[in-house]
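Please inspect the sequence and structure below before reading on.

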Amino acid sequence: MPRNRLLLTLLALLALAPLAGAQPKPSAPTLASAKSPAKPPVEIGVPVLQAHTRDEFGGYGQVWTIVQDRRGVIFIGTSGSVIREYDGVSWRKILTPSNTTRSMAMDDTGRIWVGSNANFGYLEPDSTGTLRYISLLEKIPENERGFTDVWQTLPTPQGTFYRSYQELFRWDGKTMHVWHPANPGGRFQALSMVRGHVYTAQTGIGLEEIVGDDLRPVPGGDAYKDAIKLFLYPYDDNRIFVSQREGVLTLFDGQKVSPFPTGADDYLKKSRVYTSTLLRDGGLAITTLSGGALILNHDGSLRQIIDVADGLPDPGALTALQDRDGALWIGDSSGVTRVEINSPISVFSHFGMLAAVRFQGSIYIAQGGGGAPVQRLAADPITNRPLWIPITGVTQAFDLRIFHDPSGKSPDQLLAATSDGIMRVENDKLTPALPALRGPTDQTYTLLVSRKNPNRVFKGGNDGVASMLWDGQKWIDEGRPPNIVYDARFLEEDNDGILWAAGANANVLRIVVPPTGMRDAHVEVIGKDQGLPVGSNGIALVSGSIYAGIDRHQDIFRWDQAAHRFVIDNRAQLPMDVPDASPLFYEEKPGSGIIWSLMVSE
């Protein structure tokens, strides 16, 4: 019944502090709609993500645009002559006449408009309900077809706009209006709608507002005359947030431009900004050409970085979309990845751990081996990723326990069961709790603070059980029972103060501990004659009763005090049709009433 095995698997996956769940979905998200969140807590781990690469959906992996329809179906536009449709289970191709799809957007009716190479149009279901690409190329005068990639598509009440570098188009369902750059060699560099106003930008001119059929320069917009690939979003009632490719992030108030400082300016400069996406909670997702994607809070503080180190297949993030469930889809040169940025679950580490505990505001873990058997969770000051601070001094660590001085006269202690005995974790260092008992002969697997005498801590090790007592100033060794050699991996104390030890291949120990400690304890060996099968075992106190589990044995055994033996009690058993299944059955905290029952197979 080794409960640590289950707990530590869960702790490796779950953020231990409650995080904000998915936010409500306002109809028109703005940066002004969010309050500036506080600096994220250390315990925001790496988000759970799922990558879909070209090996899964076929064709080219370079994803330039992503959109989600009203059904929740995801569409990705890639290099290659198809749009790919994903319903969460399977992929379907939608053929297009172009070799690349650069942009897609859905209007208020649910129609998806598409911009591609030297072509643009929309998706329309045929008589069978299958979506097909409908080109608008024939609606464009032949002499206006000298454009290449359509980088942005924008449905508005005035019509749908399409932006290429060479020409800007508006289709209102009847007529096609075309704009050209004002200057020779000029290019259109933006297409965004902010608070009902449609903006574009031209090299050499800067920001312009599209009013009817006119392009009107915006006062102060010439600050962006050299900027490329602009994205604009409302920041507050008066200012507009602007991102530009490989440039700084800025705020524009309609007259002048001011920098938008972030908690990741150096990272953004090094990684090279590509695009930006407004999130529903007022944050921003910034894609970069070499550093993945960043999530910024409304005030510019860094929420998290999502890069190759976090599981992103490719560091070159080309586009991003927040889906209706709050997850972020990131397109890159390998495919598309769904990232659970708003999930209460996040990953701290992919390496194994044997124990985890919160102590004085920090989370500590114990590893069975490696160069740092005890580690403390911190946050990387640059990326906000989980950072494990190594605490060295021993070869292995197996368990962690917090000791509270019952008198309240001394501070709490974090104790570690290690390959060199019991250690105190203090100021990121390990010091022996009992200096005279340190070394490989005192290897300790588990610790348990007695409920009967809270000044006492029990120890389980490779050669038996022992105890030590806190006298208010120091630990006192209380020894171990004589002539008992036992591989004690698990300890539990029942409601009568009797200590139980488990872990060996044949028996468990039932130990009556006197006030003088373990040295004078009475030990009873419980095994086959008391109803317990042979096998590696574990022990747990559940609802006031002692239960035992045996590896590769699916029955759960409860100690019957009246009969003085273990009896099968499978009321909470979850049987599995495999030969090596073992039960995990324990109470979350003594008396909590929260009981976990699992059946596991290795």
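Leaving aside its neighbours within four places in sequence, with which residues is Q189 in contact? The residues are Q152, R163, Y165, A201, T203, A227, I228, K229 and L230, where contact means heavy atoms within 4.5 Å.

This is a predicted model, in which local features need pLDDT of at least 70 and side-chain atom pairs count only at pLDDT 80 or more, while totals for chains, interfaces and linings use all residues. Residues are numbered from 1 along each chain as its sequence is written, and side-chain values use heavy atoms, with hydrogens and water left out.

Q189 lies in strand β15, residues 188-194; strands are DSSP runs (E, at least two residues) numbered from the N terminus. Because its relative accessibility is 3%, Q189 counts as buried (under 20% relative accessible area, with a 1.4 Å probe and protein chains only). Its side chain reaches the backbone nitrogen of K229 at 3.1 Å.

**An open sheet.** Four strands make up an open, antiparallel sheet in the order β7-β8-β9-β10; two strands pair if DSSP finds at least two bridges between them. The edges are taken by β7 (101-106) and β10 (131-135), each with a single partner strand, so one side of each has no neighbour in the sheet. Direction ignored, neighbouring strands of this sheet are turned by 25 degrees against each other on average, with axes being lines fitted to C-alpha atoms. Five bridges connect β7 with the antiparallel strand β8 (residues 112-116), and S103 stands opposite G115 in β8.

**Aromatic pairs.** Rings of Phe, Tyr and Trp (its six-membered ring) pair if their centres lie within 6.5 Å; planes under 30 degrees apart count as stacked, over 60 as edge-to-face and the rest as tilted. The count comes to 23 aromatic pairs. Two of them are listed here.

| Pair | Centre to centre | Angle between planes | Class |
|---|---|---|---|
| F120 and Y162 | 4.0 Å | 20 degrees | stacked |
| W559 and F566 | 5.1 Å | 65 degrees | edge-to-face |

F120 in strand β9 (residues 119-125) and Y162 in strand β12 (residues 159-164) are 42 residues apart, so the pair links distant parts of the chain. F120 is buried at a relative accessible area of 0%, and Y162 is buried at 0%. W559 and F566 are buried as well. One aromatic cluster is formed by F57, Y86, W91 and W329.

**Charges over rings.** A charge sits over a ring if NZ of Lys or CZ of Arg is within 6 Å of the ring centre and within 35 degrees of the ring normal. The charged end of R111 lies over the ring of Y122, 4.2 Å from its centre. For R187, the charged end sits over the ring of Y165, 4.2 Å from its centre.

Notes: Buried < 20%, exposed > 50% of the residue type's maximum accessible area, 1.4 Å probe, protein only. Polar contact = N/O pair within 3.5 Å; in protein donor to acceptor, adjacent residues only side chain to side chain. Axes fitted to C-alpha atoms, helices over the stretch in contact; angles between N-to-C directions.
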